[in-house]
Amino acid sequence: MKSQPDLKLLATFLAVVRHGSMAEAAAELGYVPSAVSQHIAALERDMGVELITRRPGSRLILTAAGRSLAQATETLFDATARFQDAAHGIANREIAELRVGTYPSAMTYLLPQVLSTLRARRPGPRIRLVVVETDEGVPRVQSGDIDLLVAYRYLPEDPPAPSGALTITVLGREPLVLVTGAEPGRRRPVDLAECLEREWVSGHAHNPDRRLLHRWAGELGIAPHVTLETEDLHSMLAMIRAGLAVGLIPATLLGAGHDAGVERVVLPSGVAPLHREILAVSRPGARSPLIDELVTLLAGAVDSARSAGGTTVR
């Protein structure tokens with residue numbers, strides 16, 4: 001075994017572990033799948049032990065040695081990222097590039113104006129954006145691959161959880177608005193009771209938005225019929241506009257004139273409106289002035305969305 005495994009091979013190994021697939025790891029890293037396979041084979045030769053069990057037609061399975069190496073590699077890369085953050089902060093508090101991960105709807109509705117404002121104030125640093133969902137983005141913050149993650153949390157027990165490895169800033173609460181397709185000529189608002197016999201659209205069974213919907217419905221003693229499932233919020237909105245379903249849509253997707261074709265459902269008196277938390281996630285000690293300024297601007301954007309997207313209650 002080599003005294004020090006090649007860091008490039010370890011980075012490839014971690015990507016394979018994250019995705020459970022060499023092809024998906026190759027797509028993330030910009031390699032061809034055969035190169036990833038060669039990296040894993042070289043690492044196994046260097047370590048002198050099998051790390052991944054390959055079975056045709058199924059996802060890759062880590063051996064006990066592979067699991068141990070993955071944990072040790074994450075610790076190594078986290079320590080390396082912390083060292084780089086500290087060294088950079090000592091040498092120069094200004095940074096040339098900031099890597100920001102964000103979920104898709106924030107990329108569309110929150111970040112454009114925020115980044116435009118930031119660029120006018122700080123024309124020097126480059127912002128590199130990566131579209132990534134919260135569950136995949138948190139490990140990339142911990143590894144140092146992403147400097148700041150714009151994330152969401154539907155339920156208090158959902159990740160990311162506070163820890164010594166993460167700095168979590170709550171940017172605000174984004175309302176979730178119950179909407180149905182607009183009905184031309186209708187003279188009174190749609191209420192919740194009318195929606196219970198209609199079809200509903202939501203995320204897949206274990207998605208956070210679906211779990212929040214079921215918890216909320218259980219507290220109200222109702223049982224929405226979710227027959228349309230998708231993880232894409234724009235697809236949800238399209239189905240609602242077409243009159244096919246009722247669903248909960250984040251307020252940012254309905255602001256600035258984007259609510260054409262939908263109608264907000266009136267909730268019964270006393271029913272608490274739903275929301276999801278919008279978060280900024282970074283590593284402790286890695287909050288440069290640029291990150292702090294970006295977080296402040298994002299909090300203002302979330303607050304504007306909250307003010308514009310209140311849920312109708314009677």
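Is Glu97 buried, exposed or partly exposed? I looked this up and found Glu97 partly exposed, at 23% relative accessibility. I take buried as under 20% relative accessible area, exposed as over 50% and partly exposed as in between, with a 1.4 Å probe and protein chains only.

**Basis.** I am working on a predicted model, where local features need pLDDT of at least 70, side-chain atom pairs count only at pLDDT 80 or more, and totals for chains, interfaces and linings use all residues. Residues are numbered from 1 along each chain as its sequence is written, and side-chain values use heavy atoms, with hydrogens and water left out.

**Salt bridges.** I looked up the total and found 15 salt bridges in the structure. The term stands for a side-chain nitrogen of Lys or Arg within 4 Å of a carboxyl oxygen of Asp or Glu. Side chains of opposite charge can pair when their charged atoms come close.

I started with Glu97, whose side chain forms a salt bridge with that of Arg128 at 3.3 Å, N to O. Arg128 is in strand β4 (residues 126–131) and Glu97 in strand β3 (residues 97–102), so this pair ties together parts 31 residues apart in sequence. Helices (H or I, at least four residues) and strands (E, at least two) are DSSP runs, numbered from the N terminus. Arg128 counts as partly exposed, at 42% relative accessibility. I also noted a network of salt bridges that links Glu97, Arg126 and Arg128.

Next I checked Arg121 and Glu293, whose side chains meet in a salt bridge of 3.2 Å, N to O. This pair links distant parts of the chain, with Arg121 in helix α6 (residues 111–121) and Glu293 in helix α11 (residues 289–308), 172 residues apart. Glu293 is buried, with a relative accessible area of 17%.

Arg211 lies in helix α9 (residues 208–220), and Asp158 in the loop between β5 (148–153) and β6 (167–181), 53 residues away. Arg211 is partly exposed at 29% relative accessibility, while Asp158 is buried at 8%.

**Leu155.** I stayed with the loop between β5 and β6, where Leu155 is also found. Leu155 is buried, with a relative accessible area of 4%. What does Leu155 touch, not counting residues up to four places away in sequence? I found Arg211, Leu212 and Arg215, with contact meaning heavy atoms within 4.5 Å. The C-alpha atoms of Leu155 and Arg211 are 8.3 Å apart, and the two residues are separated by 56 residues along the chain.

**Helix α10.** I listed the buried residues in α10 as Leu233, Met236, Leu237, Met239 and Ile240. Seen down the axis of α10, the buried residues fall within an arc of 160 degrees, so they line one face of the helix. The arc is taken from the directions from the helix axis to the C-beta atoms. Just after α10, Gly243 takes a positive phi of about 80 degrees.
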